[in-house]
Amino acid sequence: MTAPSPLDTDRDRALPEPLGTLEGPEDLKNLPAGVLPLLAEQIRALLIDKVTAVGGHLGPNLGVVELTIALHRVFSSPDDTLLFDTGHQSYVHKMLTGRQHDFDTLRQSGGLSGYPSRTESAHDVIENSHASTALSYADGIAKARTLGGESGRAVVAVVGDGALTGGLALEALNNLGAAPQRPVVVVLNDNTRSYAPTAGALAAHLAALRAGTAAGNLFEQLGLAYLGPVDGHDLTALDLTLRQARALARPVVVHVLTRKGHGYPPALADLDEQMHAVGVLDPLTGRPRSAVPQETWTDVFADQLVRLGSHYADLVAITAAMPGPTGLARFAERFPDRFHDVGIAEQHAVASAAGLAGAGARPLVAVYSTFLNRAYDQVLMDVALHRLPVTFVLDRAGVTGPDGASHHGMWDISLLASVPGMRVAVPRDPASLRSLLAEAVDEQEHPTALRFPKSAAGADIPAVRQLGPVDLLLRSAVQEVLLVAVGPLAAECLEAGQYLADTGIGVSVVDPRWVLPVPAELLDLATAHRLVVTVEDNIRNGGVGDAIARALADRGSRVPVTSLGLPGRFLPHGPRPELLAAAGLSAKPIVDAVLCARAK
């Protein structure tokens, strides 16, 4: 298929038949087989049109068009259960279950989620975007079906080869292989990639299976049946193989070979990620529409890490299948012997980093904030218990925006606050990110963590005075209100602080830089004020505000602390500024909160 013509990119057009007339999987089943190639072409055109307009996961969905059509023709969702691992490959599933007309709203406030969503459709069973979970869900659902006497309802888990590198997926395979009476169909969507090419011995084994040179078959040795490899873009072959898998009535792996970005030349030409996740693009060329790209927090981190790599010969960088998105690709290119992509295996990444630190190296683990949740036990018991100087760099911290509830990095400070000895830094601007990263990497007595959001980094915000590790950003002659700005919310706090100062209220704005443990200098400053208001893009419970209030109480101080932060609930997808404002973390609601607290 070629790139869409200008006519095809008219976003107001009615969808053509048959795609436009499908109301659900039953309509798909009733289509003649000869129409399906046209349907696949229409789906790809719609994907390119809509995803390039708003951003999202383009490459993975282009690769599963025929596979998803075949799944919905062979199985009967929602009576049969279809699970996607990870859920970013569910766009075609959404189209085939009656949501194709809503793709203008993809990842927009109040619109379609970029992942399965139970509130959208009965066909969406789990809202998963953290990899390697679907096989365990499938195992449990199949067990429940057996208990309920529902032997005819199939359970199908579509699992990427990247997701299969996660330990949880292997644990589930271990259990499924030992239960021949549990008829779970594992559709292995093998496109040889997650973001980057799939890493490790399992990837090598899948390559041997693809080539027909494998000495044995891991899945059969684990007790599962195995069908394939089958061409994931051949509708006839897919239909036949999936029907065979269903008829086996036992745990079976269907090995499907797909190509990420299939049918869209710009995606295939992207050798690094094959347009795994994209922003707003020109659909004809696949190039970004923005003429002047803004420097992001990830860009600043990536450049500084390379500088530090030149200074420290023992600095080792580790990622869990995301070298590009976490900013490690430049380090990997410059220092390939000191870079490790461990696959989607955050627990292993952290425990391996502990081993590196214990043996005298200087490890840095770069992951999305939300994915560190998966390795909390290793952070606590393998790193902190042994007082090992591992540096954690948490990208996509706070509100991430259009990826929604599972990707907001709003729990990390609260989790890390419970880890003895952990030091946590939050930069407010590019300059502080560079300096804090250097300080974290240089730390050899404690584990450290540095967090920053998914957004443009903005301009540097100078300090008017330094008090040890603490930066004073706005100083008032009258020490009435101390506004504690956590990291990237400094700009909003400064705007609020200046407004309050202009009305005659004595306000100082301070950036702790290192927020945990709470610096003594910050506590000294707080006790000199009548009111402390903290502002952070973490949940309030267990966050920086709580830590400051507790530390002041331990000193015997009665200075009241008002904590502003994210609510303790799952937030929807939407633009980051909009979600922050809704949580009271923009200048005006900060002003209102200060006035309200001051009036008490």
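**A guided reading of the predicted model**

P517 occupies the loop that runs between β16 (514-516) and α20. The peptide bond between L516 and P517 is cis, with omega at about -10°. A cis bond also joins E17 to P18, and there omega is about 5°. P18 belongs to the segment that precedes α1 (25-29). Most peptide bonds are trans, and most residues other than glycine have a negative phi.

S132, a residue other than glycine, has a positive phi near 80°. This serine sits in the loop between α5 (91-99) and α6 (134-147). Is S132 buried or exposed? Its relative accessibility is 0%, and because the threshold for burial is under 20%, S132 counts as buried. R396 likewise is not a glycine, yet its phi is positive, at about 55°. The loop between β9 and α17 holds R396. With a relative accessibility of 13%, R396 counts as buried.

The loop between β9 (391-395) and α17 (412-417) also contains S406. Which side chain forms a polar contact with the side chain of S406? The partner is the side chain of H407, at 3.3 Å. When residues up to four places away in sequence are set aside, S406 touches S129, H130 and T370.

A further loop, between α20 (520-527) and β17 (531-539), is the location of H529. H529 has a relative accessibility of 4% and therefore counts as buried. Which residues surround this histidine, once its neighbours within four places in sequence are left aside? H529 is in contact with Q479, E480, V481, L482, S508 and V559. For one of these residues, S508, the side chain makes a polar contact with the side chain of H529, at 3.5 Å. Another of them, Q479, is 50 residues from H529 along the chain, while the C-alpha atoms of the two residues are separated by 5.0 Å.

The protein comprises 23 helices and 18 strands. Why may the protein be described as compact? Its radius of gyration is 26 Å, which is close to the 25 Å given by the globule rule for 600 residues; the protein is therefore as compact as a globular protein of that length. Along the principal axes, the C-alpha atoms fill a box of roughly 80 × 55 × 50 Å.

The contacts and the surface complete this description. Of the contacts with a separation of 6 or more, 76% are between residues 24 or more positions apart. How much of the protein is buried? Buried residues account for 59% of the 600 residues, and S132, R396 and H529 are among those that count as buried. The accessible surface amounts to about 22900 Å², and carbon and sulfur atoms contribute 53% of that area. As for charge, the protein carries 49 positive and 64 negative side chains. The centres of these two sets lie 3 Å apart.

Terms used:
Residues are numbered from 1 along each chain as its sequence is written. This is a predicted model: local features need pLDDT of at least 70, side-chain atom pairs count only at pLDDT 80 or more; totals for chains, interfaces and linings use all residues. Side-chain values use heavy atoms; hydrogens and water are left out. Helices (H or I, at least four residues) and strands (E, at least two) are DSSP runs, numbered from the N terminus. The radius of gyration is taken over C-alpha atoms; the globule rule is 2.2 Å times the number of residues to the power 0.38. Buried means under 20% relative accessible area, exposed over 50%, partly exposed in between (1.4 Å probe, protein chains only). Contact means heavy atoms within 4.5 Å. Accessible areas come from the Shrake-Rupley method with a 1.4 Å probe; for residues, only the protein chains shown count as cover. Lys and Arg count as positive and Asp and Glu as negative; His and the chain ends are not counted. The place of a charge is taken as NZ of Lys, CZ of Arg, CG of Asp or CD of Glu. A polar contact is a pair of N or O atoms within 3.5 Å; within protein, one must be able to donate a hydrogen and the other to accept it, and residues adjacent in sequence count only if both atoms are side-chain atoms.
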